[in-house]
Amino acid sequence: MSGVRRLGHRWRRQRPLRTRLTVAASAAVALVAVGVCTAAFFVIRYEMFHQLDLNLTQSATRVIQENRDAGPQVVAGECRYLSAPACAQIAPALPAEDPAHPYLLPVSAPVREVATGDRAPYFSNITLSGKPMRMLTTRLGDDKALQVALRSDSVEKGVRQAAGLLAVIGAAGVLLAAGLGYWVSRTGLAPVARLTATAERIASTRDPRHRIELPPGPPGRQDEVTRLAASFNTMLGELEQSVTAQRRLVADASHELRTPLTALRTNAELLARADRLTDAQRDRAAGALARQLREVTGLVNDLIELARDEEPTPLLEEVRIAALAEHAVAAARAHWPSTPFTLHIAPDAAETVRPGVPARLTRLLTNLLDNAAKFSPEGLPVEVELTASRHAGSGSGSESGSGPRSRSRSRSGERLELTVRDHGPGITTEDLPYVFDRFYRAETARALPGSGLGLAMARQIARAHGADLTAEQAQGGGALFRLTFA
């Protein structure tokens, strides 16, 4: 049995899904068709013989009424018609009382037992003169039994004809089941075939722009396979976006690295001929080389940071945003001594915490403060404010999903908002949609130090922590960056 089971498993593994589905559907429909035909055959056979038994019972009742006081004898000896009360005879309980003329129907021991009342009336099948007969043996008075027989060849012929007709119908049903099974498998697996072809085409061309054609209709009424194809299309869209962003990042990084690497090479080659340089030229080249090394190192570190999407779950902890803001502002004051920083923390936001990675959140705030200080005129302040407010739909404290993004909502239902505002030239309407793009630098900022990755990194860190970072033009001039923890 185990060998047969292993053979069946091997057969299923070696056959395509369409073949297996066709065989399964055909077998199921064929089994139903054969079962229905078999049940119909037995029902027809039972009904036809039951009708014959009713005729025998009616004939026996009539003979009993007409020959209630008659002795053992052959009452009727013709079995020519199906409904005629023919082949009727009366048999005694004792063989000694048998008449001189021979019986037409066989008289056996069970017949004698019916005559004595030791056995209940019964039906039996016999053969008389080469013809099939159906016989009823019942009791007639005391110590007598009545035997009534009718020809059953027409009934048996009808049963055989019904069996042949049902066999033809069953065979046609099996063939129809095979055709329907093939059609069902071909139609039902068409989206799967398109999905497979698309996946194979993407694997061979490495081009995620391909999509699976979906049948028209509202999304709520799509079947499981169509929803799978739609999910696959969504996944392809995300993959295409990721590949596009990766290629753009590589292209932008190569473009941004080309200039400092060229300068590094030039200064390195210049220092290699240091014996031809004056002390001032040598010091100037060494200083430029060190400065360019720091820029390249910062650019590479920023690229490494941007390559991270989600924050590592084991590093998450409850972070007090107010304390983090105080630390970031203190560090910014030391780094930008000519720029005053003001910090206002609302009382209801002083103790509010959010799950996150402290080092990454500090990097986010530092990037915002450095960006504001870089564009602020000397002597004008950079204003930092942290507030908290209630928002609708809070209080349950339960969130679905995983990662810091899904756990970033506080149980208290408070929305934290941190704003960083400078008094510089602000962000033009044309630049506003692109300030968080990688390597994007406005025309007014191209002469300033930086790689154009700070704000892109800040938004990525914010999204990884379930927060939203936006930029807008501040009233009265300058730029306003708004970090919102929901």
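Reader: Which strands does helix α3 lie across?
Author: Helix α3, residues 109-116, lies across β2, β3, β4 (131-139) and β5 (144-151). Helix α3 runs at about 30° to β4. Contact here means heavy atoms within 4.5 Å. Helices (H or I, at least four residues) and strands (E, at least two) are DSSP runs, numbered from the N terminus. Axes are lines fitted to C-alpha atoms, for helices over the stretch in contact, with angles from 0 to 180 degrees between N-to-C directions.

Reader: What should I know about the source of these values?
Author: This is a predicted model, in which local features need pLDDT of at least 70 and side-chain atom pairs count only at pLDDT 80 or more, while totals for chains, interfaces and linings use all residues. Residues are numbered from 1 along each chain as its sequence is written, and side-chain values use heavy atoms, with hydrogens and water left out.

Reader: In what order do the five strands of the open sheet come?
Author: The order is β1-β2-β5-β4-β3, and the pairing is antiparallel. Two strands pair if DSSP finds at least two bridges between them.

Reader: Which strands stand at the edges?
Author: These are β1 (73-76) and β3 (122-128); each has a single partner strand, so one side of each is left without a neighbour in the sheet. On average, neighbouring strands of this sheet are turned by 25° against each other, direction ignored.

Reader: How many bridges join β1 to β2?
Author: Three bridges join β1 to the antiparallel strand β2, residues 88-92. V74 has Q89 in β2 as its bridge partner.

Reader: Changing topic, how many aromatic pairs are there?
Author: The count is two aromatic pairs. Rings of Phe, Tyr and Trp (its six-membered ring) pair if their centres lie within 6.5 Å; planes under 30 degrees apart count as stacked, over 60 as edge-to-face and the rest as tilted. F41 and F42 form an edge-to-face pair, 5.3 Å centre to centre with 70° between the planes.

Reader: And what about F436 and F481?
Author: Their ring centres are 6.1 Å apart and their planes at 85°, so the pair is edge-to-face. F436 sits in the loop between β10 (414-421) and α10, and F481 in strand β12 (residues 479-485), 45 residues apart.

Reader: Are F436 and F481 buried or exposed?
Author: Both F436 and F481 are buried, where buried means under 20% relative accessible area, exposed over 50% and partly exposed in between (1.4 Å probe, protein chains only). F41 is partly exposed, at 21%.
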